[in-house]
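Please keep the model in view while reading.

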Amino acid sequence: MSTRSNAEHWLALCLRRGQPLLGTLVTVQIEPWFADVAHDHDDAARHRTRLHTAADAAFAAVAHIGRVMSAHCPTSDLGRLARVERGSTAPLVLDPHTVHVLCAAQHWQRLSAGAFDPAAAARTLAMAGLRPAFTQSSSVVGQAPGRLGRLRFIGADQVLTDGPLALDLGGIAKGYAVDAAVETLQRHGVRSGLVNAGGDMRAFGSRHWPIAVARRGADGVRTAQIPRTLCNAALATSESGWHGSELIKTARLGSRRPIRQGDSIERHGHGNNSHRDEPRCCTVQAPACIDADALTKWALQADSDAASIRLERVLRTNRARLWRSA
Amino acid sequence: MISRRESLRRLAAGTGVAATSALWLGQASATVFMDVGEAQKLLLPAAATFEPLALPLDAAQIERIATASQTRMPRRFAPRGWAGLDASGQRVGWVLTDHVIGKYEFIDFAASFDARGTAIGVEVLVYRESHGAEIRNPAWRKQFAGASGPKQLRFNDDIRNVTGATLSCQHLTEGVQRLSALVQGLAQS
């Protein structure tokens with residue numbers, strides 16, 4: 001068989017799937033397990049079934065994480081955390097995935113000295129009416145909110161908070177979901193693949209996957225992408241500032257104005273810097289997608305020299321790289 | 001505020017390029033995830049055969065779907081559908097395909113529903129994209145001055161993994177809700 005037909009055969013054996021999850025399009029690309037191209041049609045069909053099974057499991061993991069950490073559903077883990085009464089001594093039982101992400105959020109908030117702040121993001125978005133899960137119930141209205149720094153972890157599935165705690169984990173939860181999807185694929189024996197959740201992605205295995213980083217030019221229009229490759233690492237990008245061109249028109253009946261495209265904390269500014277300034281863009285490559293996500297949010301807020309020095313030190317210890325564009 | 005699709009149409013009319021927006025945009029690309037046959041088997045594995053459905057939707061049905069899904073109906077709403085039948089000929093569910101606008105181009109998708117009309121799964125069939133924002137840049141538009149015909153689409157074999165360009169699946173979710181409302185009507189008939 002010629003080289004060209006080998007490559008076409010290889011491409012036909014690779015699996016690509018895409019599903020709408022986490023409010024965006026989540027795609028999974030998997031290479032077949034074997035190193036040599038299969039010439040036997042029966043083997044190829046069996047491998048295809050195994051690849052689909054692995055992809056189904058990965059999507060199921062992502063969907064589960066999206067459900068338990070939804071900021072739109074009042075009965076999600078984050079919705080229930082936002083309704084804890086102040087002074088309650090009973091631990092709140094949460095999904096282990098949620099507990100893991102809360103622990104990571106607390107870690108990054110401490111490490112960044114507050115530059116990474118999911119509580120501030122939740123306040124901003126809730127005020128804009130974009131987080132129905134954080135609409136407070138009558139029992140907690142007026143109560144002082146809890147603090148992420150004082151959240152205590154009891155085992156793998158319980159937390160104790162000192163008050164109602166509204167947190168928008170949208171950024172790092174997506175990165176965590178990507179990491180979980182990759183681990184699921186690896187458990188199913190997949191050696192090489194790439195999971196992409198609306199721009200937060202992670203590649204595993206030995207292949208160098210071609211990727212592009214969309215950046216804004218000085219005139220505010222998206223310029224041609226800068227091609228790069230990704231191998232056995234994760235990549236995440238965050239932007240700050242208000243982008244009017246990102247409005248999408250929903251077809252929802254009764255809506256009076258367009259809903260913002262990807263209505264995430266990036267559009268409203270993270271931390272305390274919710275302002276309509278020049279858009280900035282930070283891309284971070286790190287071993288894990290959850291860390292890449294958190295570092296992009298921190299990098300957007302690191303304005304002072306001291307904060308930048310601290311960030312550079314953390315990037316080095318986490319084997320991460322940062323690219324900025326204004 | 002005009003929509004992106006409307007701005008594309010006005011621009012195409014202004015430069016005298018008579019083609020659909022997907023063909024006019026020279027930097028559009030399409031990535032095929034799977035074909036309809038593979039999607040049917042994946043989304044409704046209990047079905048042995050798939051029987052095509054006739055879905056001529058009259059104004060009353062469109063109105064009912066719009067009310068049930070609480071969405072505005074696209075002007076050319078014309079989904080395709082198949083009834084999934086098991087080995088004994090019993091209907092086990094439906095698979096429908098439709099398309100919605102992603103960021104600037106169409107996304108083809110398939111959705112499956114069980115015999116009661118409850119959604120089972122959604123899969124993307126074809127994902128298209130283009131550098132739509134550049135068309136508003138006069139410097140970028142100059143390259144098409146004097147062009148006499150539609151540009152050709154470049155089809156990639158690899159998915160372009162782009163970071164920093166988040167796509168919301170809002171339209172896809174609404175599209176699935178419209179199909180769900182349609183299937184509820186089929187299940188009750």
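In this predicted model, the side chains of Asp108(B) and Arg128(B) form a salt bridge, with 3.0 Å from N to O. The two residues belong to distant parts of the chain, 20 residues apart: Asp108(B) lies in strand β5 (residues 106-114) of chain B and Arg128(B) in strand β6 (residues 119-129) of chain B. Because buried means under 20% relative accessible area, Asp108(B) counts as buried at 19%, whereas Arg128(B) is partly exposed at 25%.

A search over all chains finds 10 salt bridges. Among them are the following pairs.

| Pair | N to O distance |
|---|---|
| Arg17(A) and Asp56(A) | 2.6 Å |
| Asp108(B) and Arg128(B) | 3.0 Å |
| Arg116(B) and Asp114(B) | 3.9 Å |

In the salt bridge between Arg17(A) and Asp56(A), Arg17(A) lies in strand β1 and Asp56(A) in helix α2 of chain A, so the pair ties together parts that are 39 residues apart in sequence. Arg17(A) is buried, at 1% relative accessibility, while Asp56(A) is partly exposed, at 36%. Arg17(A), Asp56(A) and Glu123(B) are linked in a network of salt bridges.

In the pair of Arg116(B) and Asp114(B), Arg116(B) is exposed, with a relative accessible area of 66%, but Asp114(B) is buried at 18%.

A charge may also face a ring: the charged end of Arg207(A) sits over the ring of Trp209(A), 4.3 Å from its centre.

Chain A also has an open sheet of three strands in the order β3-β5-β4, with antiparallel pairing. Its edge strands are β3 (92-93) and β4 (152-154) of chain A.

How values were computed
Residues numbered from 1 in each chain as written. Chains lettered and ligands numbered in written order. Predicted model: local features only at pLDDT ≥ 70, side-chain atom pairs only at ≥ 80, totals over all residues. Heavy atoms only, no water. Pairing = 2+ DSSP bridges. Helix = DSSP H or I, 4+ residues; strand = E, 2+ residues; numbered from the N terminus. Lys NZ or Arg CZ within 6 Å of the ring centre and 35° of its normal. Salt bridge = Lys/Arg side-chain N within 4 Å of Asp/Glu carboxyl O. Buried < 20%, exposed > 50% of the residue type's maximum accessible area, 1.4 Å probe, protein only.
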